[in-house]
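Dear colleague,

I am passing on the structure we spoke about, with some notes on what turned up in it. Please look through it before reading on.

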Amino acid sequence: MARTRSYRLAPVAVHAVVLLALLLGWTTVLGPVAEAAPRERAAALAVRGGDTLYSAGARCTVGFNARSGSAEYALLSGRCAQTAGTTWYADAALTVPVGVTAGSSFPGNDYATVRYTGTTVARPGEVSLGAGAGTRDITAAAHPVVGQSVCHVGRTTGLRCGTVQAVNLTVNYGGGSVSGLFRSSACSEPGDVGGPAFSGTTALGIIVAGSGNCSSGGFTYYQPVVEWLSVYGLSIY
């Protein structure tokens, strides 16, 4: 269980590997996936925030789609992307190529950017809210504010909502620290890493770590999206 200490106007250090099994949501795709391929291809007509991209080494959740001019990009967890290959696919069978890694940052930050190159899969500026829950159009990005309502979508737990509890936090992963994170009261579980966090139609960040679970209670850490967009010259659409 992670322990945190908060100080006004200063980063908070989390002196443990918080997330526990959440980080294992990035595990390498193991073994043959032929049985899943037909269903994956059918579902891969569009890639939205909350959907999954696959590489030869891993699968990572898309946080949001963004663009720079006519080029479009997917925003992923940096630590997840660094365990993967550089070519990304819309299906687990790796038959529908959609993009290549354009850059990543970990530790220090926890983000990566994939440039879409395929033309067979649409990339709407929406997030999937989970099975049967529809989509949410995301039209802007902003810094999180303490007390603000926030929802996130995880691959394991689906749509969860809470409030922003703190900003400018630091998490120590053991292999390196990530700073500038924010935390919410919304719970998350293994496999949720990379999922989009938003308030209304405004992107706030992506899930990078958490503590507890959705049965007994917990909280979640996020990589904010505004700095990330600025580094790569991107905008939400």
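Which hand does the disulfide of Cys60 and Cys80 have, and why? Please keep in mind that this is a predicted model. The torsion about the S-S bond of Cys60 and Cys80 is about -100°, so this disulfide is left-handed. The pair links distant parts of the chain, with Cys60 in strand β3 (residues 59–61) and Cys80 in helix α2 (residues 78–81), 20 residues apart. Their sulfur atoms lie 2.0 Å apart, and both Cys60 and Cys80 are buried.

Cys187 is joined to Cys214 by a disulfide, and here the torsion is about 105°, so the bond is right-handed. Cys187 itself counts as buried, at 11% relative accessibility.

I also looked at strand β5 (residues 71–76), where five of the six residues are buried, so the strand is largely enclosed by the rest of the structure. On one side β5 runs antiparallel to strand β4 (residues 64–68), to which five bridges join it, with Arg67 standing opposite Glu72. The two strands form a hairpin with two residues between them, and Gly69 in the turn has a positive phi of about 65°. Four bridges join β5 to strand β8 (residues 111–116), again in an antiparallel arrangement, and Thr113 is the bridge partner of Leu75 there.

With best wishes

Methods. Residues are numbered from 1 along each chain as its sequence is written. This is a predicted model: local features need pLDDT of at least 70, side-chain atom pairs count only at pLDDT 80 or more; totals for chains, interfaces and linings use all residues. Side-chain values use heavy atoms; hydrogens and water are left out. Buried means under 20% relative accessible area, exposed over 50%, partly exposed in between (1.4 Å probe, protein chains only). Two strands pair if DSSP finds at least two bridges between them. A disulfide is a pair of cysteine sulfur atoms within 2.5 Å.
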